[in-house]
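Hi everyone, thanks for coming. Let me put the structure up, and then we'll walk through a few of its features together.

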Amino acid sequence: MNTKYHKYLPLEVRQSRWATDAEIQGSATKIDLTQPYTASGIPVFSDGKTMFTDAADSHTLIYGSSGSKKTRLFVFPTVCSLLQAGESCIITDPKGEIYDRCAGLAQQTGHKVVVLNLRDLSVSDGWNPLAEPYFLYKNPETRDLGISLLNDFIETLANKGRNKVADPFWAATAASLSLALLLILFESAKSVDEVNISNFMNLCYAFGNRTEERFLTHLMQEIPQDSLCAINLRSILNAADRTRQSIQVSLFSYVNNYMINQTLQQMISASDFSFSELAKQPFALFLILPDETTKYNDLVATLVSQSYQIFIREAQLTKTKRLPIRINYVLDEFNNIPPLPDADGMLSAARSRNIRFFLVVQGYMNQYGNDADIIRANCSNWVFLTSRDVKLLTELSELCGNGNDGGPLISTSQLQRLNKEKGEALLLFGRNYPYVGRFPDIDEYQFPKLEAPAFRKKVRRKFPFKTIVSIVQDNKENLHNWFTD
């Protein structure tokens, strides 16, 4: 601001102050939790019976280190109120405690309950991350979106592979090979049953098997040379032996988790739901994650990215270009999810499509680099409970501004001493002045406590492993159509 002009501003404009309870309430939507309501969001003021919330299409950041009560003070009340309002949710759920507290309510309120249980794969619903990309790819009108979803799936695997391979060139080359192999699978498969992670692994094994590599080389000569598949295959199949070995190491690093876990292979070989159908009804999808490992988090990133793009397409098919039922992504432990492709663009476009994000983090989102600032800037609401991240503490103190004495309204030291037992949190809500308030624990709310649906062992089909030779030879007619397009 021009300092010459600044001195002529009224004192109350030059200085910051704390927002009052009345100001926060006046900027929010009032909800009587004992009566029906149709929209909700994060609590910005509450006594457990009446909740004031941001029911607009605003994204929210919740900062809190482990043990800060962010789940009990904000995640539980937000999810419960969204379910009672009839809104849909996709929830990352470390430990499964959100499912235990909220799934019974979701069932009572008529939501379709879907559970991807990566902690206990034997009781999880099935989700094939290649199924919807395959259906979209087979439709000429949506082929580009199918390839985009396929690319995102591979990019997520590549991010994991880059962490295991010193030279990023090999991970990038392996990604190109993965895309080519999956396009061959898409083109040659008789049905979606053949398009699964097991057969993708078999295609990966083919690279390194001389007999099957010769078949791939012959196949490449038959494929239209300007096709995406041929472009990605050409340089790789002609590489020197040592180069091919390095590519193979990178390729296997992508699918290592699937190689050693047959239950996981079966869980992600067939889908019990589709995102296109979920978009047309209220649903609650719980992603139960083991919090002691991040080995499955690439699947989480793929699901979030893939579902978002399909929901955007479903919104575009409506007259209003908005989903009929709002979908909320409540992403706990967002820091541990691999970077989402174009995450900053996702948040920018989501609001006008009736999609909203609640990002629960422990500190700066370092995995996004410079894009982290754009992601955070797209979140109108920030909640802070506690952190030892000096950079974050300094930024929050500066955002709160200076008080009457010219010093910070709240210092970095004071930010670290918000009272956990009293449920104190700092709230930056829309364009309001900063606010520090006491937020009730979930047990103080008037939400019904209902038992979550019991988990049941799933009976899964076993899909036979097929080699690249058998897949292509069994489906020559489909491939002929590809060759002659």
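Let's begin with helix α4, residues 70–84: its 15 residues reach 20 Å from first C-alpha to last, close to the 21 Å expected at 1.5 Å a residue. That expected span is 1.5 Å times one less than the number of residues, and helices here are DSSP runs of H or I, at least four residues, with strands being E runs of at least two, numbered from the N terminus.

Before going on: this is a predicted model, where local features need pLDDT of at least 70, side-chain atom pairs count only at pLDDT 80 or more, and totals for chains, interfaces and linings use all residues. Residues are numbered from 1 along each chain as its sequence is written, and side-chain values use heavy atoms, leaving out hydrogens and water.

Back to α4: 13 of its 15 residues are buried, so the helix is largely enclosed by the rest of the structure. Buried means under 20% relative accessible area, exposed over 50%, and partly exposed in between, using a 1.4 Å probe and protein chains only. Just after α4, G86 takes a positive phi of about 85 degrees.

Which residue has a positive phi of about 80 degrees although it is not a glycine? That's K95, in the loop between β5 (88–94) and α5 (97–108). K95 is exposed, with a relative accessible area of 51%.

K321 is not a glycine either, and has a positive phi of about 65 degrees. You'll find K321 in the loop between α15 (297–316) and β8 (327–331), and at 39% relative accessibility it counts as partly exposed.
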